[in-house]
Amino acid sequence: MPTRTLGRTGLAVSVLGVGTAGLGGMFTGVPVKDVVGTLNAAWDAGIKFFDTAPMYGLGKLELLVGHVLRQRQEEGGGSDFVLSSKVGRLMILERPGRKIENRLPPNPYDPGWVGALPFEEVFDYSYDGVMRSFDDSLARLGLGRIDILQIHDIGRETHGALHDRHWGALTRGGGFRALEELRGAGLIRAIGVGANEVGVIRDAIEEFDLDCCLVAGRYTLLDQAAIVTLLPLAQKRRVAVVIGGPFNSGILAAPAGAPRKFNYRDADEGTIRRYEAIAGICAQHNVPVPAAALQFPLAHPAVATVLVGCRTPEELRQAAAWVQAPIPGALWAALKAGDLLNSAAVVPSRYSA
């Protein structure tokens, strides 16, 4: 699997990384044997970039990612992986006498978790919250390091009327300062923001010295919202971009007859029509839609890697093949001619690898 340097961090990441939200039980449960098998299949395919978060399975995926990576180290597989996790949510166990404050209000990007651990999520972006989250993640992972620590799901669309409060915890409340201290002490290599909202990632780049950002579902075949302002700003500031959600929650990789999810919800008719137009052009060029979906964002010079969410070893191996499949330049020209890609979008050269 080809690698790229993650901006100015010096970290080498595979162009395809593993996003673990789906393995955490998003929409449907995943047996532990499939979680472990999928993570091992990624390692065997040369994928050494793993992105997780306390949110995924309410702590479950950090436990399982740590288990697999420790096992690989014990087997002599080395430590040449890059591990990313997140801060902003604490996992709290309700018990008699404890009143849980800051419970999560419903938001459009929270699909719920099937087979999760028995914890509740509480937002905390303050100095103490970031430090506690970091310590908790290290304990769940059972590893001595986290390479990239990202602020998770900050933003007005996610938090609504509470956004200003949470943004204040990051800025005036010391959340950013905690991350800077961890980076300065060498306990993490890079600081980022991982969110679905383009605007708040842009605000964070303007506010703080970020190394990277994880843009979920906003630079894909179906949604290029990040191309206008975020990707140019990231490139100018040398902030490496990680693309998450390249299949927009499933629609760009769903087999025939499967439910079509788009950005964590059932896809609307307009999105389905646009998908079908893209799929028709891909079929004319004998290119699987998921292959085009994985390779498209990698063409932009600001993008270092793309995260794929798989639930079985077979799906993982297929994704590894898609990201390296040859795609003729005529496909990208046809998508642009059909007004299915933003005119400013950067497309791969004749054949991608």
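This is a predicted model: local features need pLDDT of at least 70, side-chain atom pairs count only at pLDDT 80 or more; totals for chains, interfaces and linings use all residues.
Residues are numbered from 1 along each chain as its sequence is written, and side-chain values use heavy atoms, with hydrogens and water left out. Helices (H or I, at least four residues) and strands (E, at least two) are DSSP runs, numbered from the N terminus.

Helix H2 covers residues 60-74. H2 has 15 residues and spans 21 Å from its first C-alpha to its last. That is close to the expected 21 Å, where the expected span is 1.5 Å times one less than the number of residues. Its buried residues are Lys60, Leu61, Glu62, Leu64, Val65, Gly66, Val68, Leu69 and Arg72. Buried means under 20% relative accessible area, exposed over 50%, and partly exposed in between (1.4 Å probe, protein chains only). The cover over these residues includes H1, strand S4 (49-51), S5 and H3. Just after H2, Gly76 takes a positive phi of about 85°.

Helix H3 runs over residues 127-141. H3 has 15 residues and reaches 21 Å between its end C-alpha atoms, close to the 21 Å expected. Gly129, Val130, Met131, Ser133, Phe134, Ser137, Arg140 and Leu141 are its buried residues. They pack against helices H2 and H6 (175-184). They also pack against strands S5 (82-87), S6 (89-92) and S8 (148-152). Just after H3, Gly142 has a positive phi of about 70°.

How do the two helices meet? The axes of H2 and H3 come within 7 Å and cross at roughly 50°. H2 is therefore oblique to H3. Axes are lines fitted to C-alpha atoms, for helices over the stretch in contact, and angles run from 0 to 180 degrees between N-to-C directions. Angles under 35 degrees count as roughly parallel, over 145 as roughly antiparallel, 65 to 115 as roughly perpendicular, and the rest as oblique. From H2, the residues Glu62, Leu63, Val65, Gly66, His67 and Arg70 meet Ser137, Arg140 and Leu141 of H3. Contact means heavy atoms within 4.5 Å. By class, the contact of H2 with H3 has three nonpolar, three polar and three charged residues. Ala, Val, Leu, Ile, Met, Phe, Trp, Tyr, Cys and Pro count as nonpolar, Asp, Glu, Lys and Arg as charged, and the others, Gly among them, as polar.

Glu62 lies in H2. Glu62 is buried, with a relative accessible area of 0%. Its side chain makes a polar contact of 2.6 Å with the side chain of Ser85. The Glu62 side chain also makes a polar contact with that of Arg140, at 2.6 Å. A polar contact is a pair of N or O atoms within 3.5 Å; within protein, one must be able to donate a hydrogen and the other to accept it, and residues adjacent in sequence count only if both atoms are side-chain atoms. Not counting residues up to four places away in sequence, Glu62 touches Thr52, Ala53, Pro54, Ser85, Ser137, Arg140 and Leu141.

Glu121 counts as buried, at 10% relative accessibility. A polar contact of 2.9 Å joins its side chain to that of Arg89.

Phe27 sits in the loop between strand S3 (16-19) and helix H1 (32-44). Phe27 is partly exposed, at 33% relative accessible area. Asp339 lies in the segment after helix H12 (329-337). Asp339 is exposed, at 58%.
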